[in-house]
Amino acid sequence: MNFFVVLNGKALKSVVLILIAAFFTAWFLYMENLAQIPVFSTKEGPKAVYRGEKDLALTFNIGWGDEKAEPILDTLKKENVKSATFFLSGSWAERHPDLVSRIVKDGFEIGILGYDYVDYRDLEDVKIGKDIAKAQEVFAKLNVKDIKLLRAPTGHFDERALNIAKRYGYTMVHWRVDSKDWTNPGVGKIVANVKKADKGDIVLLHASDSAKQTAKALPLILQDIRQKGLKLVSVSEMITNGEVQSKIIN
């Protein structure tokens, strides 16, 4: 009988240890995911814009690659889209001056996606500033003027980055709707993800080579936007034409 009790005690102890381990694992994953939420603002300081009051803004990140940007531009032209915002990394822009020139010529807005693909949360303040300044130099040489928007290269940033962006004269821009096109989940899934977009939303898309299905998904995305009666605007137009919103994370 005593032996039976000892076995139960050991079993109970094992169960408790497993439960404790499971709890801490779940808590760690929760905190890790929470830390990845990049929309951030301070109550008194600069804010990261993630949506507006009306209309809809399509944004395209380009950080690398030689093949996907042009088909995206061709599709936008074919679909008679006049307003969109392209966030370009400085390193990509200096290697593709002709495409940068075309983006400007087609009437689209350009924002900075830093210079290198780096997480601003991992950098010292000075290095964040250097990354932004290096990108500035590239666009100045390409004669792209009056850039007012900045998107953190990986989408992740903190209060320091917001303050540094403000010092350089930029508004940090995030997004409300993520197409997740860079994961290449299938054209239908990309369209379904963007279908959640509504009045005032900023939508994240990619024109880097990693997003292999975006060009095919884009006509269907635009069809849905038209059916909803939403007007496409640039991010700057959205900011100018109404109140914009940011999110506070404590």
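**Aromatic rings and the core**

Modeller: In this predicted model, one aromatic cluster is formed by Phe60, Phe86 and Phe108. The whole structure holds two aromatic pairs.

Colleague: Why is the pair of Phe60 and Phe86 called stacked?

Modeller: The ring centres of Phe60 and Phe86 are 5.0 Å apart, with 20 degrees between the planes. Centres within 6.5 Å make a pair, and planes under 30 degrees apart count as stacked, so the label follows. Phe60 is in strand 2 and Phe86 in strand 3, 26 residues apart.

Colleague: What makes the pair of Phe86 and Phe108 tilted?

Modeller: For Phe86 and Phe108 the centres lie 5.6 Å apart and the planes meet at 45 degrees, so this pair is tilted. Stacked needs under 30 degrees and edge-to-face over 60. Phe108 sits in the loop between helix 4 and strand 4, 22 residues from Phe86.

Colleague: How do you know whether Phe86 is buried or exposed?

Modeller: Phe86 has 1% relative accessibility. Buried means under 20%, so Phe86 counts as buried. Phe108, at 6%, counts as buried because it falls under that cut-off too.

Colleague: Which residues touch the most other members of the largest nonpolar core?

Modeller: That core has 55 residues, and Phe60, Phe86, Leu88, Phe139 and Met172 touch the most other members. Leaving out residues up to four places away in sequence, Leu88 has contacts that include Ile62, Val100, Ile110 and Phe139. Another core, of twelve residues, lies apart from the largest one; Phe87 and Trp175 are among its members.

Note on methods
Residues are numbered from 1 along each chain as its sequence is written. This is a predicted model: local features need pLDDT of at least 70, side-chain atom pairs count only at pLDDT 80 or more; totals for chains, interfaces and linings use all residues. Side-chain values use heavy atoms; hydrogens and water are left out. Rings of Phe, Tyr and Trp (its six-membered ring) pair if their centres lie within 6.5 Å; planes under 30 degrees apart count as stacked, over 60 as edge-to-face and the rest as tilted. Helices (H or I, at least four residues) and strands (E, at least two) are DSSP runs, numbered from the N terminus. Buried means under 20% relative accessible area, exposed over 50%, partly exposed in between (1.4 Å probe, protein chains only). A nonpolar core is a set of buried Ala, Val, Leu, Ile, Met, Phe, Trp, Tyr and Cys residues joined through side-chain atoms within 4.5 Å. Contact means heavy atoms within 4.5 Å.
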